Amino acid sequence: MIQLGLHPAPAHVIAHFSDTHLVGGDRALFGAVNSHDNLLLALGQLERSGTRPEAIVFTGDLADLGEVDAYRRLRSTVEPVAERMGTRIVWVMGNHDERFRFQSELFDQDGSNDPQDRVYDINGLRIVALDTSVPGYHHGDLSDGQLDWLTHVLAEPAPDGTLLAMHHPPIPSPVEVMAILELQRQDRLAEVIRGTDVRGVLAGHLHYSAHSIFAGVPVSVASATCYSIDISATPKTFSGVGGGHGFALVHVYEEQIVHSAVAVGDFEQVSGFSETFLAKIAAMSPAERLEVFSSKTSSCSVEDIERR
Ligand SMILES: [Fe+2]
Ligand SMILES: [Fe+2]
């Protein structure tokens with residue numbers, strides 16, 4: 001990455017996907033949404049972008065009904081892309097997932113119904129995958145045992161800090177019905193993470209992009225890759241729509257973390273700059289850049305700069 005301003009390149013880049021909701025067989029989700037094709041579109045867009053994240057974090061609701069063949073399809077879809085990009089995969093449980101199959105199908109381990117909490121070291125950045133699912137229900141919770149475990153994990157800071165990756169975001173939603181399905185006992189989680197090296201919470205579940213703060217920690221919710229919830233719908237109940245899919249890119253700088261939402265789709269480019277233009281701009285001094293690129297009275301056109 002070329003430094004054209006104040007900030008050097010980020011120390012880490014993570015891709016944040018959520019709510020793939022794959023189904024078994026050739027069925028369509030709700031008879032209307034091909035969640036597998038939508039995941040392929042999102043992964044293809046990430047791969048074509050040239051961004052090479054160190055990890056792709058999937059914050060839950062991976063398989064709509066927790067079916068074995070849905071998990072197998074997920075792996076066979078995501079793993080080749082991750083391998084080509086040289087990136088790791090972080091799977092996180094959601095309320096639609098089933099612990100036993102999640103563990104046996106995605107981790108090649110004996111399945112169990114224990115919480116699927118795991119710790120990843122991404123080149124010094126710690127990602128803690130927290131299982132907020134409650135077997136048999138769609139709301140979220142964390143047991144005392146999980147909170148004790150998290151306290152123990154966070155007792156030792158990581159070199160570049162920690163991101164918590166969890167399905168149920170600890171924030172309110174304007175979609176009123178989602179309150180029933182929110183994370184319970186959020187005050188307990190706040191006690192555990194306050195004062196630790198947790199620098200951000202990555203979450204899903206809402207199916208729309210949202211940002212907030214919890215216990216002093218920024219929270220970023222990625223939209224879904226399968227279908228999104230239109231929060232502009234009237235009445236404000238729950239309106240799942242076949243558009244607005246997305247994922248997010250997480251750029252981790254020394255002092256800041258930037259979460260950028262990516263809209264998935266094949267859109268016509270109506271404005272842009274060539275790589276030649278960027279190379280010419282990069283070769284200029286900072287003062288010269290301001291004059292030719294920032295000044296409203298600059299006499300240099302893009303073509304002029306490309307021809308230099
Ligand atoms: Fe979901
Ligand atoms: Fe969910």
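Trainee: How many bridges join strand β8 (residues 210–214) to strand β9 (residues 217–221)?
Mentor: This is a predicted model, in which local features need pLDDT of at least 70, side-chain atom pairs count only at pLDDT 80 or more, and totals for chains, interfaces and linings use all residues. Residues are numbered from 1 along each chain as its sequence is written, while chains are lettered from A and ligands numbered from 1 in the order in which they are written. Strands (E, at least two residues) and helices (H or I, at least four) are DSSP runs numbered from the N terminus, and two strands pair if DSSP finds at least two bridges between them. β8 and β9 run antiparallel, and the number of bridges joining them is five.

Trainee: Which strands stand at the edges of the six-stranded sheet?
Mentor: This open sheet has mixed pairing and the order β4-β5-β6-β7-β9-β8. Two of its strands have a single partner each, so one side of each is left without a neighbour in the sheet. These edge strands are β4 (118–122) and β8.

Trainee: Are α4 and α5 roughly parallel or roughly antiparallel?
Mentor: Helix α4 (residues 144–154) and helix α5 (residues 186–193) pack with axes 9 Å apart, at an angle of about 20 degrees. Contact is made by Leu 147, Leu 150, Thr 151 and Leu 154 of α4 with Arg 188, Leu 189, Val 192 and Ile 193 of α5. Angles under 35 degrees count as roughly parallel, over 145 as roughly antiparallel, 65 to 115 as roughly perpendicular and the rest as oblique. The two helices are therefore roughly parallel.

Trainee: Which residue is the bridge partner of His 251 in β13?
Mentor: An open sheet of five strands has mixed pairing and the order β3-β2-β1-β12-β13. Strand β12 (residues 246–252) pairs with β13 in the antiparallel sense over seven bridges. In β13, the partner of His 251 is Val 258.

Methods. Axes fitted to C-alpha atoms, helices over the stretch in contact; angles between N-to-C directions. Contact = placed C-beta atoms within 7 Å.
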